[in-house]
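Let's take a walk through a protein model, from the inside out. Have the sequence and the 3D view ready, and look up each residue as it comes along.

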Amino acid sequence: MDMKTILKSQGPDLYKKLLVYIQDNTEQVRRGNKLSLSLAFDITSHVVEEFNQSSDLLEQAMASYGSQDLYKSHALNVAILALKMASDMDFSDEEIQDTLLAGLYHDVGFGKIMDSVQYEGIDIYLEDAKKK
């Protein structure tokens, strides 16, 4: 995904583009490629700016829980919720961006795990969630 596209995005469009960004990064890890975190810092700066101006990202993160795409949206939702907590706890701007970055990349290693194992795990998770 072209970083300029993400940096021009807002609201629901930004959420969708961030999902693609995370999936692209996970695929890069799967292929054994290195990731560039310098681009990620520009993206986190933009996301924090957008988050401070609108509740769209938080609303989308909350709306996606319980959906069939939970596996795909999990890392982004964790990042957005971590951003909300860091902001509410009055973290510095740098700490907020670092928290968002950690959330975005916390599952990137799944790129090295076979798809069948990943999907089997999420299917079990969804079945357990439905029982509760």
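## The nonpolar core

The largest nonpolar core in this predicted model has 28 residues, and Val47, Leu76 and Ile80 have the most contacts inside it. A nonpolar core here is a set of buried Ala, Val, Leu, Ile, Met, Phe, Trp, Tyr and Cys residues joined through side-chain atoms within 4.5 Å. Which elements give two or more residues to this core? They are α2 (11-30), α3 (37-53), α4 (56-64), α5 and α6 (93-105). Helix α2 gives the most, with seven residues. In soluble globular proteins, nonpolar side chains tend to be buried together.

Leaving out residues up to four places away in sequence, isoleucine 80 touches Tyr15, Phe51, Leu57, Leu58, Ala61 and Leu100. Touching, or contact, means heavy atoms within 4.5 Å.

## How the model was read

Residues are numbered from 1 along each chain as its sequence is written. Since this is a predicted model, local features need pLDDT of at least 70 and side-chain atom pairs count only at pLDDT 80 or more, while totals for chains, interfaces and linings use all residues; side-chain values use heavy atoms, with hydrogens and water left out.

## The whole chain

Now zoom out. The protein chain has seven helices and zero strands, so from the N terminus on its elements run α-α-α-α-α-α-α. Helices (H or I, at least four residues) and strands (E, at least two) are DSSP runs, numbered from the N terminus.

Of the 132 residues of the protein chain, 36% count as buried. The cut-offs go like this: buried is under 20% relative accessible area, exposed is over 50%, and partly exposed is in between (1.4 Å probe, protein chains only). The protein chain exposes about 8000 Å², and carbon and sulfur atoms supply 54% of it. Accessible areas come from the Shrake-Rupley method with a 1.4 Å probe; for residues, only the protein chains shown count as cover. As for contacts with a separation of 6 or more, residues 24 or more positions apart account for 72% of them.

Is asparagine 77 buried or exposed? Asparagine 77 counts as buried because its relative accessibility is 0%. You'll find asparagine 77 in helix α5 (residues 70-88). Its side chain makes a polar contact with the side chain of tyrosine 15, at 2.6 Å. A polar contact is a pair of N or O atoms within 3.5 Å; within protein, one must be able to donate a hydrogen and the other to accept it, and residues adjacent in sequence count only if both atoms are side-chain atoms.

Glutamate 50 sits in helix α3 and is buried, with a relative accessible area of 10%. Setting aside neighbours within four places in sequence, glutamate 50 is in contact with Ser9, Gln10, Gly11 and Leu14. Take serine 9: along the chain, serine 9 and glutamate 50 are 41 residues apart, yet 9.1 Å separates their C-alpha atoms.

## Salt bridges

How many salt bridges does a search of the whole structure find? It finds four. A salt bridge is a side-chain nitrogen of Lys or Arg within 4 Å of a carboxyl oxygen of Asp or Glu. Side chains of opposite charge can pair when their charged atoms come close. One of the four joins lysine 17 and aspartate 13, with the closest N and O atoms 2.8 Å apart. These two are separated by about one helical turn because they are four residues apart in helix α2. Lysine 17 is buried at 17% relative accessible area, whereas aspartate 13 is partly exposed at 34%.

Glu27, Arg30 and Arg31 are linked in a network of salt bridges. Glutamate 27 meets arginine 30 at 2.9 Å, N to O, and arginine 31 at 3.2 Å, N to O.

## A nonpolar patch outside

Finally, check the surface. Met85, Met89 and Phe91 form a nonpolar patch there, with about 310 Å² of accessible area together. Patches are made of residues with over 30% relative accessible area and no salt bridge: like charges are joined within 9 Å, and nonpolar side chains (Val, Leu, Ile, Met, Phe, Trp, Tyr) within 5 Å. Methionine 85 belongs to helix α5 and counts as exposed, because its relative accessibility is 51%.
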